[in-house]
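Here is a friendly note to read with the model open beside you. Take the points in order and find each residue as you go.

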Amino acid sequence: FLLNQKTIIAGLICVLKLNIEAQAQKLNWRKTLNDRTDTLQNAYFLSRLHEQFDKRREEVKKASSGEDVVQTVVNSSQQICGKIIFESKRTKSFSDSWIEKLKNDQREEGAALAVLVTEVMPKEMTRFGSKDGVWICNFQEAKSLVTILREMIVREYSVRSAEENKG
């Protein structure tokens with residue numbers, strides 16, 4: 001009887017190990033799926049920016065950090081005025097860690113502004129706004145916010161250029 005119990009327990013342990021491995025594979029599959037969804041989302045967002053700003057010959061490309069998108073803002077004279085870095089998220093909950101990551105990517109890219117486009121806003125925000133130096137908006141607000149922010153960069157560049165020329 002004792003040998004039989006050991007055999008049963010060993011069998012149960014094997015079954016539990018198999019269940020744990022199966023669950024781990026499911027989690028890895030979900031992570032892979034989420035990564036691919038983020039990549040597709042950023043590709044879609046990139047194409048929307050291209051549609052909106054290609055007429056101005058502004059470069060819109062993936063950032064060196066990977067999934068981020070960088071827009072190089074130019075004025076009507078085709079002078080480079082600055083950059084905006086974007087990250088888009090489609091998740092069920094907001095994470096403050098995204099802000100720090102995007103700020104680090106902003107520094108690495110030398111971008112003037114950072115924009116986080118997300119389905120789920122931080123708890124304290126119902127509409128677009130700035131949090132800890134990062135602009136946050138939903139997908140419906142993104143086009144309008146980007147238009148405003150790029151205009152801010154162009155105007156700031158014009159003011160800086162005028163000041164330098166006075167010098």
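The numbered points below move from the strands to the cores, then to charged pairs and loops.

1. **Before you start.** This is a predicted model, in which local features need pLDDT of at least 70, side-chain atom pairs count only at pLDDT 80 or more, and totals for chains, interfaces and linings use all residues. Residues are numbered from 1 along each chain as its sequence is written, and side-chain values use heavy atoms, with hydrogens and water left out.

2. Begin with strand E4, residues 113–118. Helices (H or I, at least four residues) and strands (E, at least two) are DSSP runs, numbered from the N terminus. Six of the six residues of E4 are buried, so this strand is largely enclosed by the rest of the structure. Here, buried means under 20% relative accessible area, exposed means over 50%, and partly exposed lies in between (1.4 Å probe, protein chains only). Which residues cover each side of E4? Leu113, Val115 and Val117 are buried on one face, and Ala114, Leu116 and Thr118 are buried on the other.

3. **The neighbours of E4.** Two strands pair if DSSP finds at least two bridges between them. E4 runs parallel to strand E3 (residues 80–89), and six bridges join them; Ile85 stands opposite Ala114 in this pairing. E4 also runs parallel to strand E6 (residues 134–137), with three bridges, and there Leu116 faces Ile136.

4. **A crossover to trace.** Follow the chain through E3, helix H2 (residues 97–109) and E4: together they make a right-handed β-α-β unit. Right-handed means that, with the strands pointing away from the viewer, the path from the first strand over the helix to the second runs clockwise.

5. **The largest nonpolar core.** A nonpolar core is a set of buried Ala, Val, Leu, Ile, Met, Phe, Trp, Tyr and Cys residues joined through side-chain atoms within 4.5 Å. The largest one has 17 residues, and Ile84 and Val115 touch the most other members. Strand E2 (69–74), E3, E4 and helix H3 (139–166) each supply at least two residues of this core. The largest share, eight residues, comes from H3. Apart from this core lies another, of 13 residues, among them Ala111, Met125, Val134 and Ile136.

6. **A look around Ile84.** Contact means heavy atoms within 4.5 Å.

7. Side chains of opposite charge can pair when their charged atoms come close. A salt bridge is a side-chain nitrogen of Lys or Arg within 4 Å of a carboxyl oxygen of Asp or Glu. How many salt bridges does a search of the whole structure find? The search finds 11. One of them joins Lys103 and Glu100 (3.6 Å, N to O); being three residues apart in H2, these two are separated by about one helical turn. In H3, Glu156 and Arg160 are four residues apart, again about one helical turn, and their closest N and O atoms are 2.9 Å apart in a salt bridge.

8. Lys131 and Glu124 meet in a salt bridge of 2.6 Å, N to O. Glu87, Lys89, Lys101 and Asp105 are linked in a network of salt bridges.

9. **Loop residues to check.** Gln78 has a positive phi of about 65 degrees although it is not a glycine. Gln78 lies in the loop between E2 and E3 and is partly exposed, at 40% relative accessibility. Asp132, also not a glycine, has a positive phi of about 55 degrees; its place is the loop between strand E5 (129–131) and E6.

10. **A buried loop residue.** Asn75 is found in the loop between E2 and E3 and is buried, with a relative accessible area of 11%. The side chains of Asn75 and Gln79 are joined by a polar contact of 2.7 Å. A polar contact is a pair of N or O atoms within 3.5 Å; within protein, one must be able to donate a hydrogen and the other to accept it, and residues adjacent in sequence count only if both atoms are side-chain atoms. Leaving out residues up to four places away in sequence, Asn75 touches Cys81, Val154 and Tyr157.
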